[in-house]
Structures are given as C-alpha cells and as structure tokens.
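Here is a short report on one protein structure. Look at the sequence and the fold first, then read on.

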Amino acid sequence: MNASDIMATSVVTVTPDTTVQEVAALLLQHRISAVPVVDPDGRPIGIVSEGDLIRRAEAGTGHERSWWLKLLMGRDVLAAEYVKEHALRAGDVMTRELVTAAPDKPVAEIASLLERHRIKRVPIVRDGRLVGIVSRANLLHALATLRRPAPPSPVADSELRKHIMARLEAEPWVSSTLINVTVTGGVVDAWGVVDSVAEKQALRVAIESTPGVQTVHDNLVIRPVVAGV
C-alpha cells in the first residue's frame, strides 16, 4: 500500500499572502490542524499548523520573557519569535522545513517520516506539485480497512507449533529454552518463564500473529525479582 492509496486529494491550501486570520478561519471551517502554503504554480513551499498560531500578540498569548532570558536567547531567536507572534501573512509564520513524499512512497515509510520528524502530516508531491496529503488519521483509516488474511487451509497443529517456535527462536528478546507451546485445533497454550510484562506481552503478540493461530492461552509466568541479585 502506497501514499496514493490513502492520501486525501482535496487539499485545502493557502498562498504566502493569505492573512493569518484567514488561515485560522480555514482551519476551523474544515476541521483540520494544518494547511500547506503553495506558490502560484501549486508547489508547496511551507505549512501553517495550529502550533504556528498558538503564540499571537493580538490574542494575548505571546511570550513574556524576563530581561535576562532575552539576553540568553540572542537577537536572532527573539527576532524569529517576534515574527511568529506579529506577522500578518502565512508566508511569514509558516514552517519552511517541509517534509514531502512521492505518491508511490510505501505507507510504512510515510509512518517512519511522521515518527522521525515528529510531524502529523506529509504533503504528497508529484513533479514538484502538491497532489495530496497523508495525515496520521489517513494512516488510521488504512489500518481500519485492513483485514487479516485467513490461511488458505487449516494448518496441522504440529506444523503450526514448528512455525511458532521458529518465530520465537528468531527473536533476540526471547529465552526460547524457557518457553514452550502446545497446539490443539489452532488453539495455542504458551508456557514458561519470562523476565518482564513487556516480554510476556511480546510473546503473546508474536504467537497470535502467526498465520493459523486461532486463540492464545497465556500461561506464562513472570520471574520474580530477587533482592540483592
């Protein structure tokens, strides 16, 4: 699945000359949290998000800095902060470091971009022009529509057990010598000792996501912590 399969194509945009008040009105009207800024050729040059409009002088939400903190911050930082709080146009308050992706970018890579850059949306660009946008909500839409494929035929219990054990032995966080599973009619019982709640949960997830598994009965025990050891 690629970006083009989940992106929103009706993208609300503004120009660098759109006023800050107009941007705020568009965000509220369309119930969105950001809007791309495009040049006359439809090329994205920035984005204005709710975060860019939080600190505004006219709303009384501008920063109040002590004189000594202003000295420490430096003139360039203070000047940039002033622009954010007082500028009248989108081109002055927008975030210019724009992270974009192509329509054929896999969804997994889009998710990585969102996580790595700590952003909520990625404009999708073809030949330099904006053609869509993928937000965190779009990724959730994709997840909600996925269906776990059913195995083409029932897996024999013995084969299923082999698959499960091979999968567990391949994971570096599993002490496979302390873990055992039994399989009856696709129902898996997990037995053994683990070191933490996280390992117990990860084992259950690894087992239940193995094709052919119907249900997992968790009989795992967390190893008690011994003081002084």
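How many of the six residues of strand β3 are buried? Five are, so to speak, under cover: β3, residues 121-126, is mostly covered. Keep in mind that this is a predicted model.

Strand β3 has a partner. β3 and β4 pair in the antiparallel sense, and six bridges join them. One of the bridge pairs links I124 with G132 in β4.

Now look at the turn of the hairpin. Two residues lie between the strands β3 and β4. D127 takes a positive phi there, near 55°.

Helix α8 covers residues 136-145. Its buried residues are N138, L139 and A142. Viewed down the axis of α8, these buried residues fall within an arc of 105°, so they line one face of the helix.

What does the face turned away from the buried side carry? That face of α8 has the exposed residues L140, L143 and A144.

The buried residues of α8 also have packing partners. They pack against helix α1 (3-6), helix α7 (107-117) and strand β4 (129-135).

## A buried aspartate

Find D52 in helix α3, residues 50-53. Is D52 buried or exposed? Buried means under 20% relative accessible area. D52 has 9% relative accessibility, so it counts as buried.

The side chain of D52 makes polar contacts. It reaches the backbone nitrogen of S49 at 2.9 Å. It also joins the side chain of T95 through a polar contact of 3.2 Å.

Which residues does D52 touch, if those up to four places away in sequence are not counted? They are I47, K84, V93 and T95.

## The sheet β5-β6-β7

Three strands form an open sheet, in the order β5-β6-β7, and the pairing is mixed. Strands β5 and β7 are the edge strands, as each pairs on one side only. On average, neighbouring strands of this sheet are turned by 10° against each other, direction ignored.

β5 and β6 run antiparallel, with six bridges between them. Here N180 stands opposite W191 in β6. Two helices pack on the sheet. Helix α9 touches β5 and β6, and its direction makes about 155° with that of β5. Helix α10 touches β5, β6 and β7, and its direction makes about 160° with that of β7.

The largest nonpolar core has 17 residues. Which of them touch the most other members? They are I164, L168, I179, V181, V188, L203 and I207.

At least two residues come from each of α9 (157-169), β5 (179-184), β6 (187-194), α10 (197-208) and β7 (215-222). Helix α9 gives the largest share, four residues.

Take L203 as one example. Leaving aside neighbours within four places in sequence, L203 is in contact with L168, W173, V174, I179, V194 and L220.

Another core lies apart from the largest one. It has 14 residues, among them I6, V107, V122 and V134.

Conventions:
Residues are numbered from 1 along each chain as its sequence is written. This is a predicted model: local features need pLDDT of at least 70, side-chain atom pairs count only at pLDDT 80 or more; totals for chains, interfaces and linings use all residues. Side-chain values use heavy atoms; hydrogens and water are left out. Buried means under 20% relative accessible area, exposed over 50%, partly exposed in between (1.4 Å probe, protein chains only). The arc is that of the directions from the helix axis to the C-beta atoms. Contact means heavy atoms within 4.5 Å. A polar contact is a pair of N or O atoms within 3.5 Å; within protein, one must be able to donate a hydrogen and the other to accept it, and residues adjacent in sequence count only if both atoms are side-chain atoms. Two strands pair if DSSP finds at least two bridges between them. A nonpolar core is a set of buried Ala, Val, Leu, Ile, Met, Phe, Trp, Tyr and Cys residues joined through side-chain atoms within 4.5 Å. Axes are lines fitted to C-alpha atoms, for helices over the stretch in contact, and angles run from 0 to 180 degrees between N-to-C directions.
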